[in-house]
Structures are given as structure tokens and as C-alpha cells.
Amino acid sequence: MGFALARGFIKENFNIIVCDKRVSLADKYRAENIPFTDNSQKALQGAHFVILAVKPQDAKSLAESIKEYIEKEAVLVSIMGGIKMQNISNYFQSKKIVRIMPNLPTTKLKGMSVWTCSESLSSEEKETIKKLLSSVGKEIFTETEDMIDSATSVSGSGPAYFFLFLKSLIDSARKEGFSSEEAKLLALQTGLGAIELAYDNDLDELIQQVASKGGTTERALKVFAEEEFTAIVEKAVQAAKKRAQEMSEKF
Ligand SMILES: NC(=O)c1ccc[n+]([C@@H]2O[C@H](COP(=O)([O-])OP(=O)(O)OC[C@H]3O[C@@H](n4cnc5c(N)ncnc54)[C@H](OP(=O)(O)O)[C@@H]3O)[C@@H](O)[C@H]2O)c1
């Protein structure tokens, strides 16, 4: 995820340096013209924004190893799942905290990020976060940190829900006699076109446009309704949110 963000930031000419203790990643970063170091002291020198992108379980040891190098007025930006701003503030003894929930399509610069921050951030700093996130997709700011858990359950985990639906459609297409390649194309191109239409049209109207009275789509949608598809999605989102809240209590 750190790599995905760095690629977007470099594209928009932000002045960044990536620090990862996995030195083997150096070539991957250099191939994309992204400055790289495994020396955190060097990376943090004069850094106005410090993006924390390690696994949640590594946050504490990361804090221990870098807190003495962080500039006094630096903004700490966490993309770490399930770590509350209060805990980040405790780990680093810093007042300026940003918490972001990005998602996997960030790797294709089509990410969806939901973010919040502490009150001490200036409007210029908030603007910079907006610009950073806009370089890798779309962003939504939320005043309340609880909404980060909600975002985790919708947009953070969401790509997996779409992948599951695509997989199911591909499996069905194969059972109808299409080759694996054809089945994948049928599902993906249908998904791509549908999402594009959904951006600037009403979803109910779109459904009606496809589902003519007494036709095939109507029959399929009846099965979705009978099997309570909408309720299943709602239940899954709620389960993901509950897990996000449990994780917040752990770290
Ligand atoms: N993947 C997603 O879709 C997604 C979505 C939203 C949010 N997130 C959040 O993004 C964060 C990163 O996830 P990821 O999947 O990108 O993790 P990752 O692949 O493990 O990347 C973290 C990198 O940081 C390195 N690292 C660990 N401790 C370090 C230290 N003290 N100093 C320097 N480098 C250190 C790790 O090296 P080692 O492997 O050698 O430890 C690893 O290369 C997580 O907190 C996750 O919750 C991920």
C-alpha cells in the first residue's frame, strides 16, 4: 500500500522519500524514480508529513525506533487499519494526526480513501492531504473517527466484495459453456461498463432499463430478491465494521 501511495505522490511531483526496512525493495522503488532509503533518520529529516504504512502489529516498534527523529511540527499520517488516532498520538507523542482508510485500487490510482484528522491541523495541511489522496483516486473527509470503521467495511473491504461477485459471474458463464478467458471478459467488461453508467445515472432507473417487463433480467432479479441479496450485503458490511471496531480495541 505504501508503494501504491508513493507512486501516485511522485506522479503529482510531491517531494517524498520512502523508508522501508526491506532493502530488497530498493530496486522496485528506484525503477519508478521514487527516492528510497532504509535509514529512517535520513528519511525523517525535515519531513513535514510522515506517512505510517506498516502493519498495525508493527506500529509500536516503529514508533519506538523513529519517534526521536520526527520533527516537532510534523503531521503523522496513518493508513494503518484499526489503530485509533489517540493511540497513534500516544505512541508518537504528537498532536497532529491524520487517519486514512485507503483501498486496494489505489494501486491503479483508482483508490477510494476516507480520512479524518485532529483539530490541530491547519487548513493548508488538510489541503495537502486532499491533494495527496486525489493523486491516487478519490477522497472523502469525515469529522468523526467512527466513520473510518464504517469506511473500512464499505470501501476498504469493498474491493473483495466486488471480486467475489465477479468470480461468481465468471463461474456461471463457464457453466454456460464459455471458455475461462471469455467468461472473464464477459464479467469484467460488463462490470466496467455498468460502473461507468452508474456514475452519472440513477441506479433504479438503470435497473429498469435492463429489466424489461416479463423479461430475463426481471426473472434473475426475482431470484436475487428471494435470496435476500441486499440483506446479505448489509449483514456482511456490518460484520466487517464490527471486526474493525474489535481491532481498534486491540491496538
Ligand atoms: N492492503 C490493503 O488493501 C490495505 C487497505 C487499507 C489499509 N491498509 C493498511 O496499510 C498498512 C500496510 O499494509 P500492507 O499490506 O502494505 O503491509 P506490508 O506489505 O507489510 O508493508 C509494510 C512494509 O513496512 C515494512 N516495515 C515494517 N516495520 C518497519 C519499520 N520499523 N521501519 C521500516 N519499514 C518497516 C515491512 O517490512 P517487513 O515485511 O520486513 O516487516 C513492509 O515492507 C497496514 O496497516 C494496513 O492495515 C492496507
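Author: Here is the sheet, its neighbours and its setting.

This is a predicted model, in which local features need pLDDT of at least 70, side-chain atom pairs count only at pLDDT 80 or more, and totals for chains, interfaces and linings use all residues. Residues are numbered from 1 along each chain as its sequence is written.

Start with the inventory. The chain has twelve helices and seven strands. Helices (H or I, at least four residues) and strands (E, at least two) are DSSP runs, numbered from the N terminus.

Now the sheet. Five strands form an open sheet in the order β3-β4-β5-β6-β7, with mixed pairing. Two strands pair if DSSP finds at least two bridges between them. The edges are β3 (49–52) and β7 (137–141). Each has a single partner strand, so one side of each lacks a neighbour in the sheet. From one strand to the next, the twist averages 25 degrees. Axes are lines fitted to C-alpha atoms, for helices over the stretch in contact, and angles run from 0 to 180 degrees between N-to-C directions.

Look at one pair. Strands β4 (residues 75–78) and β5 (residues 97–101) run parallel and are joined by three bridges. Valine 77 has valine 98 in β5 as its bridge partner.

Stay with valine 77. Leaving aside neighbours within four places in sequence, valine 77 is in contact with Phe49, Val50, Ile51, Leu52, Val98, Ile100 and Ile129. Contact here means that the C-beta atoms, placed from the backbone, lie within 7 Å.

The core comes next. The largest nonpolar core holds 36 residues. Among them, Leu52, Leu76, Val77 and Val98 touch the most other members. Such a core is a set of buried Ala, Val, Leu, Ile, Met, Phe, Trp, Tyr and Cys residues joined through C-beta atoms within 7 Å. A residue is buried if 20 or more other C-beta atoms lie within 10 Å of its own, exposed if 12 or fewer, and partly exposed in between, with C-beta atoms placed from the backbone. Of the chain's 251 residues, 25% count as buried.

Helix α5 (residues 85–92) lies across β4 and β5, at about 130 degrees to β5. Helix α6 (residues 123–134) lies across β3, β4, β5, β6 (111–117) and β7. Its direction is about 165 degrees to β6.

Last, the whole chain. Among contacts between residues at least 6 apart in sequence, 59% join residues at least 24 apart. Along the principal axes, the C-alpha atoms fill a box of roughly 70 × 40 × 30 Å.

Notes:
Contact = placed C-beta atoms within 7 Å.
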